[in-house]
Amino acid sequence: MNKFLVAAFASLLLAGCSGNWGWYVVNPMTDSGFLNLKFLLSGLYYTILLSVTAISFSIVFGLVIALPGLARNRYLRGINRFYVELVRAVPILVLILWVYYGMPQLAGLSIGVFWAGVIALALSDSAFEAEIFRAGIQSVDRGQYEAAHTISLNYADTMRFVILPQAIRRVLPALGNQLVYMLKMSSLVSVIGMQELTRKANELVVTEYRPLEVYTILVLEYLVLILIVSAGVRWLERRMQPDQRT
Amino acid sequence: MPSGGARPIIQIDNVSKHFGDFQALKDVSLDVTLGERVVVCGPSGSGKSTLIRCINGLEQHQSGSIRVDGVTLDHSAGSLKSIKVKVGMVFQQFNLFPHLTVLENLVLGPTRARGMAKADARDLATRYLERVRIPEQANKYPANLSGGQQQRVAIARALCMEPSIMLFDEPTSALDPEMINEVLEVMTELATSGMTMICVTHETGFARRVADKMVFMDQGEIVEAADPDKFFTAPDSQRCRDFLDKILHH
Ligand SMILES: Nc1ncnc2c1ncn2[C@@H]1O[C@H](COP(=O)(O)OP(=O)(O)OP(=O)(O)O)[C@@H](O)[C@H]1O
Ligand SMILES: [Mg+2]
């Protein structure tokens, strides 16, 4: 499937060499083309930094939200449901605008574009992470808790050493999906001026007026980035495999 | 053999346990003295597991009292904590931690719950692995061991907490016949060493060899409690005789 996609894009590029495509804008053989290409690629830094920072927060936060969802107490479970339903209902773009333009008025402090993006992406992703963790933790056999009880582990140690390591292994593919999703959604932070891939492309389009070529490069940038991430996640899954099974 | 004046280490007094409307234990009373080996048997659903799971707080009883080594189990965090460390348990399904090696399975409790240093815990674990005769499997994962080996690891894991009481819930029921003996041998040896044990099992050979007291349960009640000689030759109740007929001549 992935190979097919790459081939499709390669042929599209080849086709573009003839006709009225204007590949000169990003032709690395010319000085200006080289600079343009470098400009586009420089967006990678913030796309990656933003996504990785946001998902690190959302994983931790999602876990914190998931735990009350597993409690016997219905009010604790209610807190979990309320958070998940509320956050899932807000479109990411809306959340970005609200955090960047709205929240400073509320809190009386202004935050930079980067942290506004991190907060918005992490918040919206945390609801999904919470659901993933809840499912993963629930899939661990009850006997594991009982065994932990009989060797006197407290709740925190039971989670940390017994339940979570098994749960995380099982949800690794889902976490990988979320990272891919996060990399794509980070493009939305361009609307508040974050200098990531999409923003760079938009700026170049304005000065060069070659949207077809520039956006094609942009598509390729995301495609390659995400293929690499997917391969990385699959590698990690394989590495964590051998000791599975009870 | 516990003598008349032996110290009771477990006192179960009129304990009842309900699951919703269903009563799994009905006014059960049982005393176990230090070093005593009790074997519990009875038909499926008679409450054997529930009884021993109440002793270490895996289930909460609703009435009656359970005292373990002087501490009353009232499901306050404190009493539960002090009872848990005294009571080890082995399950039918082993319940080893599949993501940890054998050694890591053994070291976890001592380091996290008993505050032992890693190196000391590793020495301790190695000693108990030798005792259950699988020191060479220390670095394997549970999935790569046979059922009998897994159960012996589970026993070693419990012993690493150095409990004063061991509970066994049908430890050989999930095993292939050729592996049952290797587990029973380890349990027999443990019994010989003076460990206080309550074993739910239908292995009559083992029961005759090691039990000081036989307990027969049916429908949430202790129907018969006697020394093995009397229990296997002349039980008082008809229910117990019928049950023994079934398990001795299957
Ligand atoms: N968590 C539970 N919820 C509801 N009912 C339960 C629960 N645990 C046990 N029971 C019921 O309590 C009764 C006693 O169960 P228990 O597991 O103690 O029996 P047992 O003597 O150990 O049987 P077996 O030989 O099958 O293991 C059974 O009828 C069972 O269905
Ligand atoms: Mg049982």
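Visitor: How far apart are the axes of helix α3 and helix α4 of chain A where they pack?
Guide: We're looking at a predicted model here. In chain A, helix α3 covers residues 43–69 and helix α4 covers residues 74–88. The two pack at an angle of about 135°, and their axes are apart by 6 Å.

Visitor: Which residues of α4(A) make the contact with α3(A)?
Guide: Let's take one side at a time. From α3(A) come A:Phe61, A:Ile65, A:Ala66, A:Pro68 and A:Gly69. Facing them from α4(A) are A:Leu76, A:Arg77, A:Asn80, A:Tyr83 and A:Val84.

Visitor: How many residues of that contact between α3(A) and α4(A) are nonpolar?
Guide: Sort the contact residues by type. Two are polar and one is charged. The nonpolar ones number seven.

Visitor: How many helices does chain A have?
Guide: Read along the sequence, chain A goes α-α-α-α-α-α-α-α-α-α. It has zero strands. The count of helices is ten.

Visitor: Over to ligand 1: how far is one of its oxygen atoms from an N or O atom in the side chain of B:Ser44?
Guide: B:Ser44 is among the residues surrounding ligand 1, as are B:Gly47 and B:Lys48. A backbone N or O atom of B:Gly47 lies 3.0 Å from a ligand oxygen, and a side-chain N or O atom of B:Lys48 is 2.8 Å from one. For the side chain of B:Ser44, the distance is 2.6 Å.

Visitor: What share of ligand 1 does the protein bury?
Guide: Picture ligand 1 taken alone, exposing 630 Å². Of that area, the protein buries 62%.

Visitor: Which element gives the largest share of the shell around ligand 1?
Guide: In chain B, β2 (22–33) and α1 (48–55) are the elements that give two or more residues each. The largest share is three residues. Those come from α1(B).

Technical notes: Residues are numbered from 1 along each chain as its sequence is written. Chains are lettered from A and ligands numbered from 1 in the order in which they are written. This is a predicted model: local features need pLDDT of at least 70, side-chain atom pairs count only at pLDDT 80 or more; totals for chains, interfaces and linings use all residues. Side-chain values use heavy atoms; hydrogens and water are left out. A residue is near a molecule or strand if one of its heavy atoms lies within 4 Å of it. A polar contact is a pair of N or O atoms within 3.5 Å; within protein, one must be able to donate a hydrogen and the other to accept it, and residues adjacent in sequence count only if both atoms are side-chain atoms. Accessible areas come from the Shrake-Rupley method with a 1.4 Å probe; for residues, only the protein chains shown count as cover. Helices (H or I, at least four residues) and strands (E, at least two) are DSSP runs, numbered from the N terminus. Axes are lines fitted to C-alpha atoms, for helices over the stretch in contact, and angles run from 0 to 180 degrees between N-to-C directions. Contact means heavy atoms within 4.5 Å. Ala, Val, Leu, Ile, Met, Phe, Trp, Tyr, Cys and Pro count as nonpolar, Asp, Glu, Lys and Arg as charged, and the others, Gly among them, as polar.
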